[in-house]
Amino acid sequence: MESTQRATISSAPAEAGWSREAILELYALSFNDLLHRAHTVHRQHWDANGLQLSTLMSIKTGGCAEDCKYCGQSASYTTKLQVEKLSPVEEVEQAAQAAKDAGASRFCMGAAWRELKDRDVPKVAALVERVKSLGLETCMTLGMLKPEQAEALREAGLDYYNHNIDTSEEYYPEVISTRSYDDRLDTLGKARGAGLKLCSGGIIGMGEGREDRAGMLETLANMNPPPESVPVNMLVPVPGTPLADTPPLEPLELVRTIAVARILMPQSHLRLSAGREALSDEAQALCFFAGANSVFYGDRLLTTDNQGASDDQKLFASLGLHTEPAPAS
Ligand code: SAM
Ligand code: DTB
Ligand code: SF4
């Protein structure tokens, strides 16, 4: 049985891309077989005990014109969130320096915008320049981009653009009505066209099925090349949003998703992202074994709590994980 499955899956040629069926076959492997295979791929491409740390900062919070059903920052829902304007450069620099001092190698700045406005380009470019000058990798997530805006960010020293596809193309309209899957892919193409590295992944546990989780990975894995950084978020239920009462996803399904993603995208940093607070140390350890090699590090994500840095340090030490330094620029 196992050998039949293995023959089918390993016959999927990389050039022809990954089919949804082949991805679902990986998901259906016995847990031990799937983890063994994913961990073997992981060791072939990465230091199996290395972990990349990214720290998040919300540089513009709330009041967003999009209606993403998971997000507490959408103006469509009533949440307890305080709306905040674009952060001043000194505040961002201070937070970035603190993140670096605490051990992060990448600083990710997120804005609750539908799209970047031309008038804000010089302001966000100045943030990138300042953070980059501290010796950190830079990442931004600002909504939709125009090609010349992506170029300006690249010239300012931006390394990564984060723009998540969130789920499968089929499930996407269940979650967001104010933009399409193609809008998302279009912005990713523009960021790539400007020479930015891509950070793109999604959220699981929004009520989607395994078919949709496989569909999300299918889209990411068939990008040429796949995103350099792939965040897998577990839904953080935010009171006041339409998904606030979604039943939590079984953690072993997260582990399977990480394992499948590692097999499909051997060379990408795979980030165990939002939702770690709700996971046991054991579940997180399984995610690292399955191929996750990056986390968001720091007491806050954008607007919700993250597993605290001191708990993280204890966890990393107990697992013998060491953190990746920022690459010399
Ligand atoms: N507004 C920009 C955008 O949507 O592209 C950037 C900021 S947005 C908050 C960044 C990503 O955070 C989203 O694409 C989504 O994948 C993730 N996210 C937002 N709220 C979340 C939640 N409650 N739980 C898990 N992930 C979430
Ligand atoms: C990503 O995939 N997850 C991060 C980052 N990229 C921008 C955001 C998670 C947000 C979780 C909910 C919040 O804190 O607002
Ligand atoms: Fe706006 Fe981004 Fe939140 Fe969607 S996920 S509502 S685009 S901040």
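G202 stands opposite V232 in strand 7. Helices (H or I, at least four residues) and strands (E, at least two) are DSSP runs, numbered from the N terminus. From strand 6 (residues 202-204) the chain passes through helix 9 (residues 210-221) to strand 7, a β-α-β crossover that is right-handed. Right-handed here means that, with the strands pointing away from the viewer, the path from the first strand over the helix to the second runs clockwise. This is a predicted model, in which local features need pLDDT of at least 70 and side-chain atom pairs count only at pLDDT 80 or more, while totals for chains, interfaces and linings use all residues. Residues are numbered from 1 along each chain as its sequence is written, chains are lettered from A and ligands numbered from 1 in the order in which they are written, and side-chain values use heavy atoms, with hydrogens and water left out.

Strands 6 and 7 pair in the parallel sense over three bridges; two strands pair if DSSP finds at least two bridges between them. Strand 7 also pairs with strand 8 (residues 269-272), again in the parallel sense, over four bridges. In this pairing, P231 stands opposite R271 of strand 8. Between strand 7 and strand 8 the chain crosses through helix 10 (residues 251-264), and this β-α-β crossover is right-handed.

Strand 7 covers residues 229-234, and six of its six residues are buried, so the strand is largely enclosed by the rest of the structure. Buried means under 20% relative accessible area, with exposed over 50% and partly exposed in between (1.4 Å probe, protein chains only). On one side of the strand the buried residues are S229, P231 and N233, and on the other they are V230, V232 and M234.

P231 and N233 are also among the residues that surround ligand 2, as are L56, T141 and F296. To be near the ligand, a residue needs a heavy atom within 4 Å of it. Polar contacts are pairs of N or O atoms within 3.5 Å; within protein, one must be able to donate a hydrogen and the other to accept it, and residues adjacent in sequence count only if both atoms are side-chain atoms. An oxygen atom of ligand 2 lies 3.0 Å from a polar backbone atom of L302. For T303, an N or O atom of the side chain is 2.6 Å from an oxygen atom of ligand 2, and for T304 the corresponding distance is 2.8 Å.
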